[in-house]
Amino acid sequence: FKRLTEGDKGEHEELKKWAYELLAGGEKSHYQKRQMFVQIAVHCLAEDVDPDMFVPEMEKLAQDKVPNVRLILAKAMTENIVGPGKLTDNTAVQKIIENLRSDSDKDVRYYSGAEQAA
């Protein structure tokens with residue numbers, strides 16, 4: 001996995017293909033596969049893989065019907081992406097964080113840092 005994130009663009013495409021296979025079937029895919037995709041995507045973004053590879057799908061997952069998918073997204077983004085010198089200047093990432101901070105689920109709001117932002 002580390003080799004793929006540190007590799008060239010061809011290896012990044014291989015990683016993207018592998019990760020997106022977890023989402024085959026969209027919201028009909030098992031929620032744990034969507035959670036796994038989130039973990040992979042956030043790890044890749046933290047390793048400076050091109051955000052355009054994963055952020056569009058992460059925007060969709062921020063609206064997932066299963067709160068635990070949104071919770072994993074909120075927690076992973078807060079721990080790995082949000083902070084000085086990270087992707088917080090990316091407009092799409094900011095939108096995801098804002099959506100999670102105003103989520104209907106209190107745990108999602110908590111792990112997205114809504115209390116700290118207030």
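**Exercise 1.** Determine whether tyrosine 111 is buried, exposed or partly exposed, and describe its aromatic pair with tyrosine 110.

*Solution.* Tyrosine 111 has a relative accessibility of 33% and counts as partly exposed, where buried means under 20% relative accessible area, exposed over 50% and partly exposed in between, with a 1.4 Å probe and protein chains only. This is a predicted model, in which local features need pLDDT of at least 70 and side-chain atom pairs count only at pLDDT 80 or more, while totals for chains, interfaces and linings use all residues. Residues are numbered from 1 along each chain as its sequence is written, and side-chain values use heavy atoms, with hydrogens and water left out. Tyrosine 110, at 45%, is also partly exposed. With 5.0 Å from centre to centre and 85° between the planes, tyrosine 110 and tyrosine 111 form an edge-to-face pair; rings of Phe, Tyr and Trp (its six-membered ring) pair if their centres lie within 6.5 Å, and planes under 30 degrees apart count as stacked, over 60 as edge-to-face and the rest as tilted.

**Exercise 2.** Classify the pair of tyrosine 20 and phenylalanine 37, and state the accessibility of each ring's residue.

*Solution.* The structure holds 4 aromatic pairs. In the pair of tyrosine 20 and phenylalanine 37, the ring centres are 5.1 Å apart and the planes stand at 75°, so the pair is edge-to-face. Tyrosine 20 is partly exposed at 26%, whereas phenylalanine 37 is buried at 0%. Finally, Tyr20 and Phe37 form one aromatic cluster together with Phe54.

**Exercise 3.** Identify the residues that leucine 73 contacts beyond its neighbours within four places in sequence.

*Solution.* Taking contact as heavy atoms within 4.5 Å, leucine 73 touches Val38, Met58, Leu61, Ala62, Ile96 and Leu100.
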